[in-house]
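Colleague: I would like to go through this protein with you, one question at a time. Please show me the structure before we start.

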Amino acid sequence: MNNYEILKYQQIKDEFFIREALTEAQSAALLGEVPIGAVIVANQEIIARGHNLRETLADPTAHAEIVALRAAAVVNGHWRLTGMTLYCTLEPCPMCAGALVQARIERLVYGAADPKAGAAGTLMNIVQDFRLNHRLKVTSGVLELECGQILKDFFRNRR
């Protein structure tokens with residue numbers, strides 16, 4: 001494969017897994033939760049899924065990414081999630097970005113940027129801060145319009 005073919009293949013994979021995260025976001029919306037979804041992939045296979053459950057669990061830490069990280073650690077049998085990729089519909093907040101670093105996730109792929117709390121390049125960049133002991137590879141803007149639209153629709157319907 002040449003470089004173009006490799007990049008195209010990676011783009012197709014990223015879009016596939018972001019669509020899976022969007023399915024999780026739709027599950028959150030059905031519960032009345034802010035529609036954010038995440039999946040964790042190891043060896044090209046989804047090993048964990050998560051969507052926002054803050055209202056359902058009355059837990060301020062029950063963000064999609066944290067729910068998925070906890071599930072992946074159980075499947076993995078260890079807290080270190082090296083070599084894994086987290087796909088998320090929205091750029092992680094500072095709490096989630098810190099958790100991704102702590103879990104040693106290798107790569108983060110997200111859809112929509114978060115201008116209010118984004119910690120993977122928008123407001124700050126915790127996941128690539130050189131002062132920390134681990135940094136993630138980041139791909140942003142994958143299916144950005146679809147990921148942003150589900151949030152816009154949710155908040156428009158709540159008003």
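Colleague: What radius of gyration does the protein have, and what would a compact globule with 159 residues have?

Modeller: Keep in mind that this is a predicted model. A compact globule with 159 residues would have a radius of gyration near 15 Å, so that is the value to hold against the model. The two agree, because the protein has 15 Å.

Colleague: How many helices and strands are there, and in what order do the elements run from the N terminus?

Modeller: The secondary structure comes to five helices and five strands. Read from the N terminus on, the order of the elements is α-β-β-α-α-β-α-β-β-α.

Colleague: What percentage of the residues of the protein count as buried?

Modeller: A residue counts as buried when its relative accessible area is under 20%. Applied to the 159 residues of the protein, this gives 47%.

Colleague: Which residues does L69 touch, not counting residues up to four places away in sequence?

Modeller: L69 is among the core residues that touch the most other members. Touching here means heavy atoms within 4.5 Å. Not counting residues up to four places away in sequence, L69 touches I40, L81, A99, L100, A103 and I105.

Colleague: Is V101 buried or exposed?

Modeller: V101 has its place in helix α4. Its relative accessibility is 2%, and the limit for buried is under 20%, so V101 counts as buried.

Colleague: Leaving aside neighbours within four places in sequence, which residues is V101 in contact with?

Modeller: The cut-off for a contact is heavy atoms within 4.5 Å. With neighbours within four places in sequence left aside, the contacts of V101 are I126, V127, L132, N133, H134 and L136.

Colleague: How many Å apart are the mean positions of the positive and negative charges?

Modeller: The protein has 17 positive and 17 negative charges. Their mean positions are separated by 4 Å.

Notes:
Residues are numbered from 1 along each chain as its sequence is written. This is a predicted model: local features need pLDDT of at least 70, side-chain atom pairs count only at pLDDT 80 or more; totals for chains, interfaces and linings use all residues. Side-chain values use heavy atoms; hydrogens and water are left out. Helices (H or I, at least four residues) and strands (E, at least two) are DSSP runs, numbered from the N terminus. The radius of gyration is taken over C-alpha atoms; the globule rule is 2.2 Å times the number of residues to the power 0.38. Buried means under 20% relative accessible area, exposed over 50%, partly exposed in between (1.4 Å probe, protein chains only). Lys and Arg count as positive and Asp and Glu as negative; His and the chain ends are not counted. The place of a charge is taken as NZ of Lys, CZ of Arg, CG of Asp or CD of Glu. A nonpolar core is a set of buried Ala, Val, Leu, Ile, Met, Phe, Trp, Tyr and Cys residues joined through side-chain atoms within 4.5 Å.
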